[in-house]
Amino acid sequence: MQRESRAKTALLITFVVIAWGMCWPIYKMALNYTPPLLYAGMRTLFGGILLAGILLPQWRKIEWKRNWKVYVIVGLLNTVIFNGVQTVGLQYLPSGLYSVIVYLQPVLVPILSWMWLNESLSVIKVVGLVIGFLGVAAVSLDGFTGNVSLFGIMLALITGIGWAIGVVYVKKTSSQVHGLWLVALQSIIGGTILSMGGIATEHISDITWNISYISCLLFGAVIAVPGATAAYFYLMSSGESSKVASFTFLVPLIAVVIGTLFLNEPFTYSLLLGLVLILISIYLINRPEAGFSFVRRIEHKHL
């Protein structure tokens with residue numbers, strides 16, 4: 001039983017990291033065929049509708065009158081700010097610099113959880129988080145070339161801070177709402193807002209409906225939005241925020257590795273340095289404490 005639970009947790013972590021790592025190059029490719037807001041809105045809206053359709057037999061678990069504020073707040077933070085602002089902001093900053101600023105999130109989440117949820121935050125964990133952030137910076141170093149916009153930096157900060165607050169808020173309210181319905185409704189609410197913003201400021205006719213764009217749209221709507229987001233929220237609600245957050249440092253690394261393998265981008269010394277730092281970070285944050293590892297802690301909570 002415990003072995004199966006550990007395997008399930010490891011599988012979920014792997015799925016989230018790989019799916020989110022694939023998002024960066026896939027979304028970047030999609031922007032060749034679509035305006036940013038329309039794409040961000042459509043992929044999240046379609047993903048939310050798809051998940052809601054699957055959950056429809058359990059519609060009573062929505063408890064809209066009781067939980068509507070949670071759905072709206074999470075929709076604004078984790079969909080409108082994270083997906084929408086990020087997609088727009090990538091136009092104003094080099095992708096490497098943008099990803100480094102956004103990935104302040106894994107550092108902010110444990111700090112906010114310590115402040116708001118009374119989670120433990122040891123010196124070793126803080127050191128591990130800082131090392132992980134430096135690893136992300138090293139991985140993204142080659143993407144720092146290009147024009148640096150103050151507006152773009154502000155959008156990246158808004159993205160990372162909004163994402164961090166949204167994740168901690170989800171963890172705080174996880175016992176109040178149904179987890180999968182939360183993902184579905186935040187995507188529908190946020191996706192509707194983003195789509196309306198795209199319709200008001202962009203042109204639907206600018207979308208090129210070819211196989212490449214449709215594939216990118218389906219990836220976001222099927223895998224990235226309902227699948228990976230639901231798995232991430234489950235992990236955040238089950239384990240310590242610092243430990244879960246440490247694994248998200250792997251996301252930019254996966255994105256760069258995918259670019260190296262499939263987009264003929266070079267493998268550099270900075271990528272190797274980033275890999276080493278991120279692995280050290282994950283070890284420091286997840287090392288057993290009194291014989292109690294991250295995976296076992298999740299198991300204990302759910303047994």
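**Entry 1: aromatic rings**

I began with the rings and found that the structure holds 10 aromatic pairs. I counted rings of Phe, Tyr and Trp (its six-membered ring) as paired if their centres lie within 6.5 Å, with planes under 30 degrees apart taken as stacked, over 60 as edge-to-face and the rest as tilted. The pair I opened up was W20 with Y232: the ring centres are 4.8 Å apart and the planes stand at 55 degrees, so this pair is tilted. W20 belongs to helix α1 (residues 2-30) and Y232 to helix α9, so the pair ties together parts that are 212 residues apart in sequence.

Buried stands for under 20% relative accessible area, exposed for over 50%, and partly exposed for anything in between (1.4 Å probe, protein chains only). W20 counts as buried at 10% relative accessibility, and Y232 is buried too, with a relative accessible area of 2%.

Next I turned to F82 and W163, an aromatic pair that is stacked, at 4.3 Å centre to centre with 25 degrees between the planes. This pair links distant parts of the chain, as F82 is in helix α3 (residues 64-89) and W163 in helix α7 (residues 150-173), 81 residues apart. Both F82 and W163 are buried.

Which residues do ring pairs link into a cluster? I noted W20, F82, Y103, W163, Y232 and F233.

I also checked for a charge over a ring, for which NZ of Lys or CZ of Arg must be within 6 Å of the ring centre and within 35 degrees of the ring normal. R43 lies over the face of Y27, 3.8 Å from the ring centre.

**Entry 2: what kind of model this is**

A reminder to myself: this is a predicted model, where local features need pLDDT of at least 70, side-chain atom pairs count only at pLDDT 80 or more, and totals for chains, interfaces and linings use all residues. Residues are numbered from 1 along each chain as its sequence is written, and side-chain values use heavy atoms, with hydrogens and water left out.

I looked up the confidence next; pLDDT is the predictor's confidence in each residue, from 0 to 100. The protein chain averages 84, and 88% of the residues score at least 70. Among the elements, helix α8 has the highest mean pLDDT (95), while helix α13 (residues 294-302) has the lowest (47). Over residues 290-303 pLDDT stays under 50, and the model has 27 contacts beyond four places in sequence for that stretch. Contact here means heavy atoms within 4.5 Å.

**Entry 3: the chain as a whole**

I counted 13 helices and 0 strands in the protein chain. Of its 303 residues, 52% count as buried. Taking contacts with a separation of 6 or more, I found that residues 24 or more positions apart account for 91% of them.

I went to P226 in helix α9 (residues 211-238). P226 is buried, at a relative accessible area of 9%. How far apart in space are P226 and G48, C-alpha to C-alpha? I read 6.6 Å, although 178 residues separate P226 and G48 in sequence. Not counting residues up to four places away in sequence, P226 touches G47, L51, V183, G220 and A221.

S195 came next, in helix α8 (residues 179-201). S195 counts as buried at 11% relative accessibility. Its side chain reaches the backbone oxygen of G41 at 3.4 Å. Beyond four places in sequence, S195 is in contact with L38, G41, M42 and L45.

A245 counts as buried at 0% relative accessibility. A245 and L108 are 137 residues apart along the chain, and their C-alpha atoms are separated by 9.2 Å. Setting aside neighbours within four places in sequence, I found A245 in contact with P106 and P110.

**Entry 4: cysteines**

How many disulfides does the structure hold? I found 0, using a pair of cysteine sulfur atoms within 2.5 Å as the test.

How values were computed:
Helices (H or I, at least four residues) and strands (E, at least two) are DSSP runs, numbered from the N terminus. A polar contact is a pair of N or O atoms within 3.5 Å; within protein, one must be able to donate a hydrogen and the other to accept it, and residues adjacent in sequence count only if both atoms are side-chain atoms.
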